[in-house]
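Trainee: I have a model open and would like to learn how to read it. Can we go through it together?

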Amino acid sequence: MTRNRRVTISINNDIDLNFRRLASTKLLFKTGWYSKAIEEAMLLWMEKEGK
């Protein structure tokens with residue numbers, strides 16, 4: 001199993017608020033919902049940029 005890493009980032013407050021609204025709707029505030037949403041977004045970005 002892969003270990004998780006804790007990171008600290010700074011992003012625009014409005015972007016974060018909108019992202020949290022969308023992510024919480026999709027993931028229903030289940031344990032780890034925000035981390036899972038960020039991970040999914042990163043994977044999608046890497047897939048898109050890796051072309």
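Mentor: Start with L28, which sits in the loop between α1 and α2. Helices such as these are DSSP runs (H or I, at least four residues; strands are E, at least two), numbered from the N terminus. This is a predicted model, where local features need pLDDT of at least 70, side-chain atom pairs count only at pLDDT 80 or more, and totals for chains, interfaces and linings use all residues. Residues are numbered from 1 along each chain as its sequence is written, and side-chain values use heavy atoms, with hydrogens and water left out.

Trainee: What is the phi of L28?

Mentor: First the general idea. Most residues other than glycine have a negative phi, and most peptide bonds are trans. L28 is not a glycine, yet its phi is positive, about 55°. F29 also has a positive phi of about 55° and is not a glycine. F29 is found in the loop between α1 and α2.

Trainee: Is L28 buried or exposed?

Mentor: Learn the cut-offs. Buried means under 20% relative accessible area, exposed means over 50%, and partly exposed lies in between (1.4 Å probe, protein chains only). L28 counts as exposed because its relative accessibility is 57%. F29 is exposed too, with a relative accessible area of 57%.

Trainee: How many helices and strands does the protein have?

Mentor: Two helices and zero strands. Helix α1 covers 13–27, and helix α2 covers residues 33–49. The C-alpha trace spans about 30 × 25 × 20 Å along its principal axes. Of the 51 residues, 12% count as buried.

Trainee: How many salt bridges does the structure hold?

Mentor: Side chains of opposite charge can pair when their charged atoms come close. The rule here is a side-chain nitrogen of Lys or Arg within 4 Å of a carboxyl oxygen of Asp or Glu. The structure holds two salt bridges. One joins R20 and D16, with the closest N and O atoms 2.9 Å apart. R20 and D16 are four residues apart in helix α1, so about one helical turn separates them. R20 is partly exposed at 33% relative accessibility, whereas D16 is buried at 14%.

Trainee: Which side chain meets E40 in a salt bridge?

Mentor: That of K26, at 2.7 Å from N to O. This pair links distant parts of the chain: E40 is in helix α2, K26 is in helix α1, and they are 14 residues apart. E40 counts as partly exposed because its relative accessibility is 33%. K26 is exposed, with a relative accessible area of 55%.

Trainee: Which residues make the nonpolar surface patch?

Mentor: Take the rule first. Patches are made of residues with over 30% relative accessible area and no salt bridge; like charges are joined within 9 Å, and nonpolar side chains (Val, Leu, Ile, Met, Phe, Trp, Tyr) within 5 Å. Here V7, I9, I11 and I15 make a nonpolar patch of about 410 Å². I9 is in the segment before α1. I9 is exposed, since its relative accessible area is 55%.

Trainee: What is the volume of the largest pocket?

Mentor: Rolling a probe the size of a water molecule over the atoms shows where empty space is left. On a 1 Å grid over the protein atoms alone, a pocket is an open set of points where a 1.4 Å probe fits, with protein on both sides within 12 Å along at least five of seven lines; lining residues have an atom within 4 Å of a point. Points are joined across faces, edges and corners, and the volume is the space filled by probe spheres set on them. The largest pocket has a volume of about 770 Å³. Of its 17 lining residues, the closest to the centre are R5, V7, S35, I38 and M42.

Trainee: Which element gives the largest share of that lining?

Mentor: Helix α2, with six residues. By class, the lining has eight nonpolar, three polar and six charged residues. Ala, Val, Leu, Ile, Met, Phe, Trp, Tyr, Cys and Pro count as nonpolar, Asp, Glu, Lys and Arg as charged, and the others, Gly among them, as polar.

Conventions: Accessible areas come from the Shrake-Rupley method with a 1.4 Å probe; for residues, only the protein chains shown count as cover.
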